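Please look through the sequence and the model below. A short report on the main features follows.

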Amino acid sequence: MRPYLLATFAFLGLMGETTIEAQAAPHIVYDCPAEASGVVSHTGDAGWTATNQSSRVRDARLESIGGQVALVCTYQIFGTEYWIHRRPPVEYPNCRRLEGGGYRFYCGP
């Protein structure tokens with residue numbers, strides 16, 4: 001029974017070291033811009049007023065755009081969903097949304 005107990009502790013110790021190394025791996029974290037604005041212009045005379053709109057970030061997700069992965073932040077502008085996106089960097093292509101507060105992406109090698 002005692003060798004089994006020691007083996008279990010040794011295994012758990014190795015798992016802890018592996019977890020620490022995985023968390024320390026090189027990575028980059030991207031935050032969605034907190035706010036986006038839609039600007040309207042017109043060619044009419046000064047009697048016409050263009051109404052601009054802005055929105056705070058509402059969601060973050062991974063999407064395929066043109067067959068490539070993109071980090072997408074969404075906003076509500078002019079009554080519809082508006083996207084701001086970026087591609088993951090070449091050195092950190094594996095991305096996921098970070099859960100637990102905020103609109104963020106974690107990208108690693």
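How many aromatic pairs does the structure hold? The count is zero. Rings of Phe, Tyr and Trp (its six-membered ring) pair if their centres lie within 6.5 Å; planes under 30 degrees apart are stacked, over 60 edge-to-face, and the rest tilted.

This is a predicted model: local features need pLDDT of at least 70, side-chain atom pairs count only at pLDDT 80 or more, and totals for chains, interfaces and linings use all residues. Residues are numbered from 1 along each chain as its sequence is written, and side-chain values use heavy atoms, with hydrogens and water left out.

## Overall layout

The chain has one helix and eight strands. Helices (H or I, at least four residues) and strands (E, at least two) are DSSP runs, numbered from the N terminus. Read from the N terminus, the order is α-β-β-β-β-β-β-β-β.

Of the 109 residues in the chain, 22% are buried. Buried means under 20% relative accessible area, exposed over 50%, and partly exposed in between (1.4 Å probe, protein chains only).

Contacts are also counted by separation along the chain. Contact means heavy atoms within 4.5 Å. Among contacts with a separation of 6 or more, 40% join residues 24 or more positions apart.

## The nonpolar core

In soluble globular proteins, nonpolar side chains tend to be buried together. A nonpolar core is a set of buried Ala, Val, Leu, Ile, Met, Phe, Trp, Tyr and Cys residues joined through side-chain atoms within 4.5 Å. The largest one here has 13 residues. Cys-32, Leu-71, Cys-73, Tyr-75, Phe-105 and Cys-107 touch the most other members. S5 and S8 are the elements that give two or more residues to this core. S5 supplies the largest share, four residues.

Which residues does Cys-73 contact, beyond its neighbours within four places in sequence? They are Cys-32, Pro-33, Val-57, Asp-59, Ala-60, Tyr-82, Trp-83, Ile-84 and Phe-105.

Thr-74 lies in strand S5. Thr-74 is buried, at 2% relative accessibility. Not counting residues up to four places away in sequence, Thr-74 touches Arg-56, Val-57, Arg-58, Asp-59, Arg-61, Glu-81, Tyr-82 and Trp-83.

## Salt bridges

A search of the whole structure finds six salt bridges. A salt bridge is a side-chain nitrogen of Lys or Arg within 4 Å of a carboxyl oxygen of Asp or Glu. Three of them are listed here.

| Pair | N to O distance |
|---|---|
| Arg-104 and Asp-31 | 2.7 Å |
| Arg-56 and Glu-35 | 3.9 Å |
| Asp-59 and Arg-61 | 3.3 Å |

Take Arg-104 and Asp-31, which form a salt bridge. This pair links distant parts of the chain, 73 residues apart. Arg-104 is in strand S8 (residues 104-108), and Asp-31 is in strand S1 (residues 28-31). Arg-104 is partly exposed, with a relative accessible area of 32%.

Next come Arg-56 and Glu-35, also joined by a salt bridge. They too link distant parts of the chain, 21 residues apart. Arg-56 sits in strand S3 (residues 53-56), and Glu-35 in strand S2 (residues 35-38). Arg-56 is exposed at 56% relative accessibility, while Glu-35 is partly exposed at 42%.

The last pair in the table is Asp-59 and Arg-61. Asp-59 is partly exposed at 25% relative accessibility. Arg-61 is partly exposed as well, at 21%. Salt bridges that share partners join Asp-59, Arg-61, Glu-63, Glu-81 and Arg-97 into one network.

## Single sites

Which ring does the charged end of Arg-96 sit over? It is the ring of Tyr-106, and the charged end is 4.7 Å from the ring centre. A charge sits over a ring if NZ of Lys or CZ of Arg is within 6 Å of the ring centre and within 35 degrees of the ring normal.

Ser-55 belongs to strand S3. Is Ser-55 buried or exposed? Ser-55 is buried, with a relative accessible area of 7%. Its side chain reaches the backbone nitrogen of Gln-76 at 3.0 Å. That is a polar contact: a pair of N or O atoms within 3.5 Å; within protein, one must be able to donate a hydrogen and the other to accept it, and residues adjacent in sequence count only if both atoms are side-chain atoms. Leaving aside neighbours within four places in sequence, Ser-55 contacts Ala-34, Glu-35, Ala-36, Tyr-75, Gln-76 and Ile-77.

Phe-78 has a positive phi of about 55 degrees, although it is not a glycine. Phe-78 lies in the loop between strand S5 (68-77) and strand S6 (80-86). Phe-78 is partly exposed, at 41% relative accessibility.
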